[in-house]
Structures are given as structure tokens and as C-alpha cells.
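This briefing is meant to be read with the sequence and the model side by side.

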Amino acid sequence: MKLALAEARKAALAGEVPIGAVLVHNHKILAKSHNQTELLHDVTAHAEILAITSGSEFLGSKYLKNCTLYVTLEPCPMCAGALKWAQLSKLVYAAEDVKNGFMKYGKEILHPKTTIEFGLMSEESSELLQKFFESKRKNSILKS
């Protein structure tokens, strides 16, 4: 999760929502990513989606069996759906996203064999997100 937080910090520095993800297979890092929706002008360029794409390419498979994804914020329903189709084995996320997270709709969005853990480094992730959005609000007030 420390590496995912480092990715989230990279996103914040680039003006992206600070969410980072790291995909691991057999204790080996397959992919590190962060949100790039602004850079790529692509609403689907979430950290999780980019990690899925890189990991699948590395494995030469559309399935991420025996893989764990560490992500700094609870995935949205779009990302959870992609993780379902990728048949991810384990999802570990730091902070909950009560407003936009997939758990709002139930864990059934994920593949039935995917295990879930959450709360690891939640405070650090939440603080990074809060500071980012406070800065955005402050800058928008200054511009008006």
C-alpha cells in the first residue's frame, strides 16, 4: 500500500485526483499506476483500469487470477466491474468511498472468488484526498 500511496502522490502533483494502485502477482509487482483522467482526457483512465491493462499485458492474459490489487481508495462501480471481468483474486483498498464506492451497491459487483480487505493505511489515503480537494476548492474560490 505504501507504493500505491506513492503513486497517489504522483497523481496529486500532476493535478489528478490522488488515487494510486499497485498490482501484485506471486509477490512480484506487475503494475504501478495512478489516475490519469486529466492527462489522457479519458474518464476511464482510473488507477485501477490502468493497472488492469498493464497487468494483463504483462501476464498475456485477460484474467488476473492469483493477483492482488492494492488501491488507495475504494474502487468505483466502473472499476469494480472491470475487476470482476478480470477475475481478480484479491482487492485491498485503503480508504472507503461512501459516496462513489462500489460497496454502496454490494460486493456482488466483484467476481465471487475475489476476497476484499480494507482499511490498510486508510488515514494516510484519506488525508491526501482531503488536502487535494481542499486545495482545489481554495483555488476555485480565488479564481472567482
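The notes below are grouped by topic and describe a predicted model. Its largest nonpolar core has 23 residues, and its largest pocket has a volume of about 490 Å³.

**Nonpolar cores**

- In soluble globular proteins, nonpolar side chains tend to be buried together.

**Strand 4 and its surroundings**

- Strand 4 is mostly covered, with five of its six residues buried.
- Strand 3 and strand 4 run parallel and are joined by five bridges, and in this pairing Leu69 stands opposite Leu91 of strand 4.
- When neighbours within four places in sequence are set aside, the contacts of Leu91 are Leu69, Val71, Pro75, Leu83, Phe102, Leu110, Thr114, Thr115, Ile116 and Glu117.

**Helix 4**

- The buried residues of helix 4 are Cys79, Ala80, Gly81 and Leu83, and what covers them includes helix 3, strand 3 and strand 4.
- After helix 4 comes Gln87, whose phi is positive and near 55 degrees.

**The largest pocket**

- The lining of the largest pocket consists of 24 residues, and those nearest its centre are Leu73, Asp97, Asn100, Leu129 and Phe133.
- Sorted by class, the lining of the largest pocket comprises twelve nonpolar, seven polar and five charged residues.

**Val24 in strand 1**

- Val24 lies in strand 1 and counts as buried because its relative accessible area is 17%, under the 20% limit used for that term.
- Not counting residues up to four places away in sequence, Val24 touches Ile29, Asn66, Cys67, Thr68 and Tyr70.
- Val24 and Lys131 are 107 residues apart along the chain, and their C-alpha atoms are separated by 28 Å.

**Two asparagines with positive phi**

- Most residues other than glycine have a negative phi, which makes the following two positions worth checking in the backbone.
- Asn26, in the loop between strand 1 and strand 2, has a positive phi of about 50 degrees although it is not a glycine.
- Asn26 is classed as exposed because its relative accessible area is 56%, over the 50% limit for that class.
- Asn66, in the loop between helix 3 and strand 3, has a positive phi near 65 degrees, again in a residue other than glycine.
- Asn66 is likewise classed as exposed, because its relative accessible area of 55% is over 50%; Asn66 is also one of the residues that Val24 touches.

Note on methods: Residues are numbered from 1 along each chain as its sequence is written. This is a predicted model: local features need pLDDT of at least 70, side-chain atom pairs count only at pLDDT 80 or more; totals for chains, interfaces and linings use all residues. Side-chain values use heavy atoms; hydrogens and water are left out. On a 1 Å grid over the protein atoms alone, a cavity is a set of points where a 1.4 Å probe fits but cannot get out, and a pocket is an open set with protein on both sides within 12 Å along at least five of seven lines; lining residues have an atom within 4 Å of a point. Grid points are joined across faces, edges and corners, and a volume is the space filled by probe spheres set on the points. Ala, Val, Leu, Ile, Met, Phe, Trp, Tyr, Cys and Pro count as nonpolar, Asp, Glu, Lys and Arg as charged, and the others, Gly among them, as polar. A nonpolar core is a set of buried Ala, Val, Leu, Ile, Met, Phe, Trp, Tyr and Cys residues joined through side-chain atoms within 4.5 Å. Buried means under 20% relative accessible area, exposed over 50%, partly exposed in between (1.4 Å probe, protein chains only). Contact means heavy atoms within 4.5 Å. Helices (H or I, at least four residues) and strands (E, at least two) are DSSP runs, numbered from the N terminus. Two strands pair if DSSP finds at least two bridges between them.
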